[in-house]
Amino acid sequence: MLLPWSPPCKVLCRSCAVMGKLQSKLKHSTYKYSRPDGILEERIQTKACQEYSPAHVDTVSVVAALSSDLCVSGGKDKTAVAYDWKTGNVVRRFRGHEREITKIACVHRSSQFFSASRDRMVMMWDLHGPSQPRQQFSGHAMVVTGLAVSPDSSQLCTGSRDNTLLLWDVGTGQCAETASISRNLVTHLCWVPQEPYILQTSEDKTIRLWDSRGLQVAHMFPTKQHIQTYCEVSEDGHKCISCSNGFGGEGCEATLWDLRQTRNRICEYKGHFQTVTSCVFLPRALALMPTVATSSHDCKVKIWNQDTGACLFTLSLDGSGPLTSLAVGDTVSLLCTSFSRGIHLLRVDYSQGLALREVAAF
């Protein structure tokens with residue numbers, strides 16, 4: 001399998017890193033708009049997409065926003081990269097993992113973040129600190145596939161394919177609680193804002209809500225028909241969204257859940273044709289209605305009406321390969337990672353109605 005950038009390109013990228021961004025290139029992009037009435041409209045446009053110096057030299061697995069202009073990403077090159085996506089410059093590279101980085105979790109309003117890896121380790125870094133990790137967390141027997149930090153950043157919850165969840169004291173690096181459920185192969189973790197609860201998706205098709213006070217299961221959502229790949233909680237903590245694997249349109253969906261009293265399914269978002277890898281709540285400033293976004297192995301990012309499930313816009317990132325992660329950059333921007341073309345900077349455009357454009361790649 002070829003790397004996303006061939007050796008000659010890497011030489012060029014290194015030489016251009018000093019200058020910041022590379023020359024703009026014309027790209028042909030296909031935009032598909034699914035109207036609420038079910039009619040699919042397709043627009044093909046030629047536009048300039050800024051090519052920045054690449055953040056990574058191999059597949060990018062995950063990206064997370066550290067601030068309104070900085071993101072942190074990780075992937076198969078075993079490196080975590082802090083990147084200024086508004087200027088196209090690498091701010092800093094962090095090396096310490098021995099295998100692919102699988103998850104990144106940023107500490108709210110801080111320069112600190114955590115990285116998890118296939119080397120079974122979790123490391124804590126500081127953007128302004130030393131080159132070595134500030135803290136290391138070792139306790140899993142297999143690849144770490146879940147990573148969530150508490151709202152006050154005092155605790156860290158990690159999950160793995162070894163069927164365990166571990167709760168850590170961030171200050172001491174010591175494991176405080178351990179929980180294990182047979183066949184509970186963790187795929188993602190996220191902490192509920194302002195609550196002692198942790199949401200978890202699993203390969204056993206189950207979504208669990210854990211109480212961090214003793215690390216016990218507080219609630220289990222109705223079992224889905226497909227592996228749950230990712231989860232996200234709304235800022236107010238009232239709702240959560242999960243997504244699933246699938247193929248040929250079977251599965252390949254995202255589901256909105258009530259986290260308050262009933263914890264029932266509210267809405268489903270169906271339209272992808274391959275595994276949905278990531279789902280996020282979009283800032284209210286992005287649209288006149290509540291919206292969510294999803295990314296998939298089918299190379300598409302979709303924006304949905306949160307309440308009705310209608311697909312408002314579909315952006316096809318042709319040539320990107322499977323999309324692996326999605327994160328909100330700021331009030332009008334999304335960051336999307338891909339198998340073949342690194343990280344895509346996407347921007348919401350209202351010039352001709354709600355649309356999503358790729359404006360840069362790095």
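You're looking at a predicted model, where local features need pLDDT of at least 70, side-chain atom pairs count only at pLDDT 80 or more, and totals for chains, interfaces and linings use all residues. Residues are numbered from 1 along each chain as its sequence is written, and side-chain values use heavy atoms, with hydrogens and water left out.

- Strands β20 (residues 239-244) and β23 (residues 253-258) are joined by five bridges, and Ser 242 has Thr 255 as its bridge partner in β23.

**The salt bridges**
- The whole structure holds 15 salt bridges, meaning a side-chain nitrogen of Lys or Arg within 4 Å of a carboxyl oxygen of Asp or Glu.
- Glu 268 and Lys 224 form one at 2.5 Å, N to O; Glu 268 lies in β24 and Lys 224 in the loop between β18 (216-220) and β19, so the pair ties together parts 44 residues apart in sequence.
- Lys 270 and Glu 253 form another at 4.0 Å, N to O, linking β24 to β23.
- Salt bridges with shared partners join Lys 224, Glu 253, Arg 265, Glu 268 and Lys 270 into one network.

- Lys 224 is buried at 10% relative accessible area, and Glu 268 is partly exposed at 21%; buried means under 20%, exposed over 50%, partly exposed in between (1.4 Å probe, protein chains only).
- Lys 270 is exposed at 55%, whereas Glu 253 is buried at 10%.

Notes:
Pairing = 2+ DSSP bridges. Helix = DSSP H or I, 4+ residues; strand = E, 2+ residues; numbered from the N terminus.
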